[in-house]
Amino acid sequence: MATIPAHIASLPGMPVLVLQGGGAMGSYQAGVFAALDEAGYCPEVVAGISIGAINGALIAGNPPERRCERLMTFWERITGSPALSWVASDVGGNQQAEGLRHQWAAAATALAGAPGFFRPRWPWLPNWWPGQVALYDTGALKATLEQLVDWDLLNSGAVRFAVGAVNVETGNFTYFCSEQQRLDVRHVMASGALPPGLPPVEIDGQLWWDGGLVSNTPLDHVLDHDDDDDLTIFQVDLFPARGARPNTLEEVEERAADIRFSSRTRFTTDAQARLNGPRRAWARLAAKLPPELRDSADAQLLDRLARGRRAVVAQLVYRDQPWQGTAKGREFSRATMMMHWRHGEADVAAMLERGGWAKLPDGPGVWSFDATAQP
């Protein structure tokens, strides 16, 4: 394993990986992790939603030396459909041809499914049989995860792992965390059970859907849970919060999905940033208090609320290719998967070269920066 670069080693506290949902674009997260792993920086906490939960389980449920191998095995398996074997990896850089390739591959995935992940339930007609609640069957995903994830290791405490899901009947969002309960394949599949395509997952008599229906980014869970520890958070987002003004109905649909599934990421980081000033003000005031006030229950409560730790959030955001459009989350061709993976590796390399955290303020607080922003 490579030596940790000095500017990475100097980042504060516990390394954390936060993985957003985004379907087929999840191979970008795998590429990001592969590059971080090559730099020698491994997470102690992994939190994910949907495809981020699946990638996270492959990371937390394998020893460090096997994580990248298992990620690649998973992504090669689910993009190995014979129905997509005709999809070329090189169309000469022609955006129109790339767009057609992409749309055809997405259509083929919809009809044939993704091996090791999901397959269509035929006939594909609403209300064809009683109790139909999804278009696809995910039994193959269960078998894949059971083969590629060591659940005893995942629950051992070596890496704290958390996934988010939504209760179908109550609408309540919940994080399942390995520190609080034993997790298994059901919890990961529940986090990725996006309706109406994928069926809900039953856990202890309750049905669960994809956590992205409520919150597609588990950053808030990490910040709320680890309120005493300094943190270095690599947050890997698959939907950009910012984007160009749409000019067609297709662009409207894509932009709406980006906004919906970017899932308050910027809201969370901005809200935390607004608290940085009050945190510093309380620290200055607390230093001036007499001991009887400084040790009071009220002061201790304010200390906890102020959270005098330092958390750096390096946000890596997948930037769409011009030809991807609305099908980007459901196109499981090998060519596009490898493009995503290489894109993730390149973004980490650029982040390490730029070292954007060097300009962040010192001291306690939650400080974030866009690690994929152009200089």
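Select R319 and D370: these two form a salt bridge, with the closest N and O atoms 2.5 Å apart. The pair links distant parts of the chain. R319 sits in the loop between strand 10 (310-317) and helix 15 (334-354). D370 belongs to strand 11 (residues 365-370), and the two partners are 51 residues apart. How exposed is R319? R319 has a relative accessible area of 31%, so it is partly exposed. D370 comes out at 30% relative accessibility, so D370 also counts as partly exposed. Keep in mind as you go that this is a predicted model.

**Zoom out**

Now show the whole protein chain as a cartoon. Its secondary structure comes to 15 helices and 11 strands. Next, colour the chain by burial. Of the 375 residues in the protein chain, 52% are buried. Then look at which parts touch. Take the contacts with a separation of 6 or more: residues 24 or more positions apart account for 75% of them.

**More salt bridges**

How many salt bridges does a search of the whole structure find? The search finds eight. You have seen one of them, R319 with D370.

Select R182 and D152 next. They form a salt bridge, and their closest N and O atoms are 2.8 Å apart. What does this pair tie together? R182 lies in the loop between strand 6 (173-177) and helix 8 (185-191). D152 lies in helix 7 (residues 151-154). The pair therefore ties together parts that are 30 residues apart in sequence. Are R182 and D152 buried or exposed? Both are exposed.

Move along to D184 and R186. Their side chains meet in a salt bridge of 2.8 Å, N to O. D184 has a relative accessible area of 23%, so it is partly exposed. R186 is partly exposed as well, because its relative accessible area is 29%.

Then select R119, R121 and D137 together. Salt bridges that share partners join these three residues into one network.

**A buried histidine**

Select H187. You will find H187 in helix 8. Its relative accessible area is 2%, so H187 is buried. Now show what lies around H187. Leave aside its neighbours within four places in sequence. H187 is then in contact with V163, F176, Q181, R182 and I203. One of these contacts, R182, is already on your tour: R182 is the partner of D152 in a salt bridge.

**Aromatic rings**

Show the aromatic side chains. How many aromatic pairs are there? The count comes to 10 aromatic pairs.

Start with F74 and W75. Their rings form an edge-to-face pair, 5.4 Å centre to centre, with 90 degrees between the planes. Are F74 and W75 buried or exposed? F74 has 0% relative accessibility, so it counts as buried. W75 is buried too, because its relative accessible area is 0%.

Jump to F118 and F332. Their ring centres are 5.8 Å apart and their planes lie at 75 degrees, so this pair is edge-to-face. The pair links distant parts of the chain, 214 residues apart. F118 is in the loop between helix 5 (95-112) and strand 3 (119-120). F332 is in the loop between strand 10 and helix 15. F118 is buried, because its relative accessible area is 10%. F332 has 5% relative accessibility, so F332 counts as buried.

Now select F74, W75, F117, F118, Y136 and F332 together. Ring pairs link these residues into a cluster.

**The largest pocket**

About 990 Å³ of space lies in it. Which residues lie nearest the centre of the largest pocket? Select G22, G23, L194, G329 and R330, which are the ones nearest its centre among the 42 residues that line it.

Helix 3 (51-60), helix 5 and helix 10 (249-262) are the elements that give two or more residues to the lining of the largest pocket. Which of them gives the most? Helix 10 does, with five residues.

Finish by colouring the lining by residue type. The lining of the largest pocket divides into 24 nonpolar, 12 polar and six charged residues.

Notes
Residues are numbered from 1 along each chain as its sequence is written. This is a predicted model: local features need pLDDT of at least 70, side-chain atom pairs count only at pLDDT 80 or more; totals for chains, interfaces and linings use all residues. Side-chain values use heavy atoms; hydrogens and water are left out. A salt bridge is a side-chain nitrogen of Lys or Arg within 4 Å of a carboxyl oxygen of Asp or Glu. Helices (H or I, at least four residues) and strands (E, at least two) are DSSP runs, numbered from the N terminus. Buried means under 20% relative accessible area, exposed over 50%, partly exposed in between (1.4 Å probe, protein chains only). Contact means heavy atoms within 4.5 Å. Rings of Phe, Tyr and Trp (its six-membered ring) pair if their centres lie within 6.5 Å; planes under 30 degrees apart count as stacked, over 60 as edge-to-face and the rest as tilted. On a 1 Å grid over the protein atoms alone, a cavity is a set of points where a 1.4 Å probe fits but cannot get out, and a pocket is an open set with protein on both sides within 12 Å along at least five of seven lines; lining residues have an atom within 4 Å of a point. Grid points are joined across faces, edges and corners, and a volume is the space filled by probe spheres set on the points. Ala, Val, Leu, Ile, Met, Phe, Trp, Tyr, Cys and Pro count as nonpolar, Asp, Glu, Lys and Arg as charged, and the others, Gly among them, as polar.
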